[in-house]
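Subject: A structure for you to look at

Hi,

Here is the structure I promised to hand over. Please open it next to this email and follow along as you read.

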Amino acid sequence: MPGHQNWKSRAESMLSQFIDGDDDDAVRDPYYYSQLENFSTSNDDHSSCAYDSVYDRLLGCSGCVRSSTTTDSGPCVSLFLHWVKLALGGAIKAYLNNPLCLALLPLVVGAGFGFWMGRRNGSSISEDETMGNYPGKQPTGNKWMATFLGRVSRLYHWLTLNLMLIVISLDPRRCCSSSRSIGSQLFQDNRDEQARMELKAPELQRESGVESQFIPRHIAVIMDGNRRYGKTKYGNATRGHWDGSKTLTEFSKWCIAEGIQILTVYAFSTENWDRDPAEISALMAIFCKYCDELRVEAVQRGIRIHVLATEKERIPENVRIGMDRMVLETRHCDKFTMNICLSYGGRGEIVNACKSIAMDVQSGKLNVDQVGENTVQAKLLTGHCCDPDIIIRTSGEERLSNFLLWQVAYSEFFFLKKQWPELQKDDLLEVIRTFANGRKRRYGK
């Protein structure tokens, strides 16, 4: 078995390199191509694509077309060749992962070879009869060769049939379930189905051992380190963001299991708009792809979702539509609250609150002497919930980065060395235990 696994692993590795190439890890992500839906990144100052991605090289952006020195091999040809590689690779992977196919293919090849030899032998006999070589006469060399090959073919059929029976008897369950499992084996990044199954998983049990009255009500998280994780593990930052979204799904489940009522996550800051356009579009595509999925599952699990944005106008329209629908259709849920900070900045939130108060004073709705902390609090985007008890930041950085500047006045801070996609449930449990047993919040008393 070790030898079988070794050659199989080598074959699958070579096949992956054949399909995906050596450098474009993002090709393995079925949603990587969607990162280019929302943004146009043409740049006259560069002679090549702004993205330099497989998508651009296949479909051809204007820059690539202009810089191309040949006109015979257009983008359609490249796209056709790419899908031929994918189809061929899928067939080979299905063959390698299915023991029934491993046994049947030699049998089918042998049967076809035997059929061809039989027809050739029949044709040879007919020619011999036509030439006067009737039975009783000395057989020709071709007839002896055909007889020998026929016996070899029968032996080959017998061996492959017995091999198939042995494989089925050794692992019948895998053979029976192989047709159902081929899809998941071929596309290990089938993230839609995986996310649905994770969200529909049975409720987890509390594992912290902390009494319910000491459990934090509100946890806020700065999900830092996705890019570094992706570049280190995959050589591609987009893959890190995708793994980070999966960690968020798991983290939400852990919070619900431990009795935490509110989770606020820093998904995208106003400063993040200054990043590379390709990375921005990838992040927006990930959020847009899962917006409907999260909406459906949140309704089923009683999760109310709020999207906190201080510069909402900068969010692409398709993301805003999905975001607004998600907020609208979960407004009746009351089991758990999730705040997603998207295009958010803490300073901008305070500025907007002050502007709103100034307008109320100017219009006569509010007297200036009535303005206090509660007035400002009510104007903030988090006016529907309490301030966070705990702030968690991953990746080892120890700063707020313009996150909930007003709300964190009495929050407890936990700075974890792990990158966000590396976070495990034990890390959250340790934070909860430390908060309950080792942190004393006196509020200045």
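First, some background. This is a predicted model, in which local features need pLDDT of at least 70 and side-chain atom pairs count only at pLDDT 80 or more, while totals for chains, interfaces and linings use all residues. Residues are numbered from 1 along each chain as its sequence is written, and side-chain values use heavy atoms, with hydrogens and water left out.

**The strands**

Helices (H or I, at least four residues) and strands (E, at least two) are DSSP runs, numbered from the N terminus. Two strands pair if DSSP finds at least two bridges between them. Start with β1, which covers residues 218–222. β1 runs parallel to β2, and five bridges join them. One of the pairs to look for is A220 with its partner T264 in β2.

Now move on to β2, residues 262–269. Seven bridges join β2 to β4 (residues 336–344), again in parallel. Here V265 has I340 of β4 as its bridge partner. β4 also pairs with β3 in the parallel sense, over six bridges.

Seven of the eight residues of β2 are buried, so β2 is largely enclosed by the rest of the structure. β3 (residues 303–308) is mostly covered as well, with five of its six residues buried. As you look at the strands, keep in mind that side chains in a regular strand alternate between the two faces of the sheet.

Let's take H218 in β1. H218 is buried, with a relative accessible area of 1%. Which residues does H218 touch? Contact means heavy atoms within 4.5 Å. Not counting residues up to four places away in sequence, the residues that H218 touches include I262, T264, N339, C386 and D389. A polar atom of the H218 side chain also lies 2.8 Å from the backbone oxygen of C386.

T264 sits in β2 and is buried too, at 0% relative accessible area. Its side chain makes a polar contact with the side chain of N339, at 3.0 Å. (A polar contact is a pair of N or O atoms within 3.5 Å; within protein, one must be able to donate a hydrogen and the other to accept it, and residues adjacent in sequence count only if both atoms are side-chain atoms.) Leaving aside neighbours within four places in sequence, T264 is in contact with several residues, among them H218, V221, C341 and F403.

**Salt bridges**

Side chains of opposite charge can pair when their charged atoms come close. A salt bridge here is a side-chain nitrogen of Lys or Arg within 4 Å of a carboxyl oxygen of Asp or Glu. How many are there in the whole structure? The search finds 14.

One of them joins K425 and E207, with 3.2 Å from N to O. K425 is in helix α15 (residues 425–438) and E207 is in the loop between α8 (191–199) and β1, so this pair ties together parts that are 218 residues apart in sequence. K425 counts as buried at 11% relative accessibility, whereas E207 is partly exposed at 46%.

Another links E279 and R227, whose closest N and O atoms are 3.3 Å apart. E279 lies in helix α11 (residues 277–301) and R227 in helix α9 (residues 226–233), 52 residues apart. E279 is buried at 11%, and R227 is partly exposed at 33%.

There is also a network of salt bridges, which links D224, R228, R393, E397 and R399.

**A patch on the surface**

Finally, find F80 in helix α4 (residues 75–97). F80 is exposed, with a relative accessible area of 56%. Together with L81 and V84, F80 forms a nonpolar patch on the surface, with about 300 Å² of accessible area in total. (Patches are made of residues with over 30% relative accessible area and no salt bridge: like charges are joined within 9 Å, and nonpolar side chains (Val, Leu, Ile, Met, Phe, Trp, Tyr) within 5 Å. Accessible areas come from the Shrake-Rupley method with a 1.4 Å probe, and for residues only the protein chains shown count as cover.)

Enjoy exploring!

How values were computed:
Buried < 20%, exposed > 50% of the residue type's maximum accessible area, 1.4 Å probe, protein only.
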